[in-house]
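Colleague: I am new to this structure. Please show me how to read its features, one at a time.

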Amino acid sequence: MTRVLSVTSEYVPLIKTGGLADVAGALPAALAPLGVEMRTLLPGYPAVMAATRNGTEAVALRSLFGGPARIVQSNCDGQIVYVLDAPHLFDRPGAIYSGPDGRDWPDNPKRFAALSLAAARIAADGLLDWQPDVLHAHDWQAGLTPVYLRDLERTPKTGTLLTIHNIAFQGIAAPAMLSDLRLPKQGFTMDGFEFFGWISALKAGIVYSDKISTVSPTYAGQLLTPEFGMGLDGLLRHRRDDLVGILNGIDLDAWKPPYARPVSKKKHKAALRAKLGLPESDGPLCVVVSRLTQQKGLDLLLEALPALLAEGGQLAVLGSGDSTLEAAFRAAAARHDGVAVQIGYDEALSRQLIAGGDAILVPSRFEPCGLTQLYGLRFGTVPLVALTGGLADTVIPANSAALAVGAATGFQFFPVDTEALIGALRSLVHAYRTPEIWTRMQRNAMAQPVGWETSAAEYAALYQTLKK
Ligand code: ADP
């Protein structure tokens, strides 16, 4: 039995802004049959406190970064979660990383340093009646965990793993915060957590963790390059032997299509068109469920849109993010009958889109793993993706070799630019209008394994190597 404490800022079903939440939420149940007991530590945001009201106080901390705190133990869908209840850090309105004005909370470095310190203390000081063999830190929010652990443990007894879900977010803090964050001064060097004169929580995690993982093999390779490493590629090349890519899975129960055969999608498509006010059409209905940011390449889709519409395709978008992209998609919906756009975050609508759509589009410039193409595969909603990161690892593109053996599950385009995207959209429409090809692709997609089996076993084996 290996005991692992997963340290995360998001966790489905308690709090979610992106894929990290799905992954952190799915791992404990996926690992349980493999002899891994994973428990999770996460911040006590208002939504998390409300959902774990039945919890019991496991330990009280007199002071944690400027205020009293406690760790509340609760049961969430059969899994044990430890909630860090620190009202001075987490009990506030707005989103979890930003205030009602949309700006990041200025004390974010301190808020997530507190999460990381609490995790290190659970391992090193035996704060609870349960002690992990391994600390599994996710992203910059938990990046300082191994730094604090080293400070607290004289002889190392806890293994550490950092998972990079997205290297674009690095948890940068001003050097003046060094003592506020209770960080050891000697670590503020190029070989430590200093990054061009700033404190970097993600770099700390990379430097001080025993092992580093990211969420797909292709992204693990890309992180070693200046194009994708966002300034940390040199360090990652240095730690190359300790870096692995383990593909994300999806929770097959939570993401179960409401039909067994792709032909039954028809009624869901009709319902979706009616709901969104899209006219009937004999072309494919393409859907997008995404944050609207530069990363996701949706500006390319706006440029490619006239070509898709000219081929008889339609587009339905659900997302929120950059105000310019939001406005551009709203304008496209106003201009074209075949385009529907919903700005916002809506879990129920996301499922209706994936069930009712013919294809799901993910034109990302970079994509560590990507989850919506996996939902697409599971639902027989054929993915069209950029050839990058986890998108490259999860979609079998309809090239002539794959079509010849009947193995294709989607479409890929490269380079990630408008022309290549238009080419792939044309191939998609053509395949859609060739029913024997399209139905075969849908069936292949639905049969492709996208659950956690393989990846959970890889994590379990990795934890085993980390036990001290
Ligand atoms: P990222 O973590 O970069 O945002 P992923 O594809 O890994 O991208 O995960 C995004 C997750 O968030 C998926 O579960 C997706 O369905 C969900 N999601 C993104 N935008 C929305 C939205 N507007 N409404 C509902 N769910 C969304």
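Colleague: Which element gives the most to the shell around the ligand?

Modeller: Start with the terms. Helices (H or I, at least four residues) and strands (E, at least two) are DSSP runs, numbered from the N terminus. A residue is near a molecule if one of its heavy atoms lies within 4 Å of it. Here β13 gives the most to the shell, with 3 residues. β13 covers 285-292. α1, β14 (314-321), α12 and α13 (372-378) each supply at least two residues as well.

Colleague: What kind of model is this, and how should I read the numbering?

Modeller: It is a predicted model: local features need pLDDT of at least 70, side-chain atom pairs count only at pLDDT 80 or more, and totals for chains, interfaces and linings use all residues. Residues are numbered from 1 along each chain as its sequence is written, and side-chain values use heavy atoms, with hydrogens and water left out.

Colleague: How many residues surround the ligand, and which are the closest?

Modeller: There are 19, and the closest are Lys-16, Gly-19, Arg-291, Gly-344 and Tyr-375. For classes, Ala, Val, Leu, Ile, Met, Phe, Trp, Tyr, Cys and Pro count as nonpolar, Asp, Glu, Lys and Arg as charged, and the others, Gly among them, as polar. The shell has 5 nonpolar, 8 polar and 6 charged residues.

Colleague: Which atoms of Lys-16 and Gly-19 lie by an oxygen atom of the ligand?

Modeller: For Lys-16, an N or O atom in the side chain is 2.8 Å from a ligand oxygen. For Gly-19, a polar backbone atom is 2.7 Å from a ligand oxygen. A backbone N or O atom of Asp-346 lies 3.0 Å from a ligand nitrogen. Taken alone the ligand exposes 560 Å², and the protein buries 92% of that (Shrake-Rupley method, 1.4 Å probe).

Colleague: How many cavities does a search of the whole structure find?

Modeller: A cavity is a set of points on a 1 Å grid over the protein atoms alone, where a 1.4 Å probe fits but cannot get out; lining residues have an atom within 4 Å of a point. A volume is the space filled by probe spheres set on the points, which are joined across faces, edges and corners. The search finds 1 cavity of 30 Å³ or more. About 60 Å³ of space lies in the largest cavity.

Colleague: What lines the largest cavity?

Modeller: The lining includes Phe-112, Trp-140 and Leu-181. α4 gives the largest share, 4 residues. By class, the lining has 9 nonpolar, 3 polar and no charged residues.

Note on methods:
1 Å grid on protein atoms, 1.4 Å probe; cavity = no way out; pocket = protein on both sides within 12 Å on 5 of 7 lines; lining within 4 Å. Polar contact = N/O pair within 3.5 Å; in protein donor to acceptor, adjacent residues only side chain to side chain.
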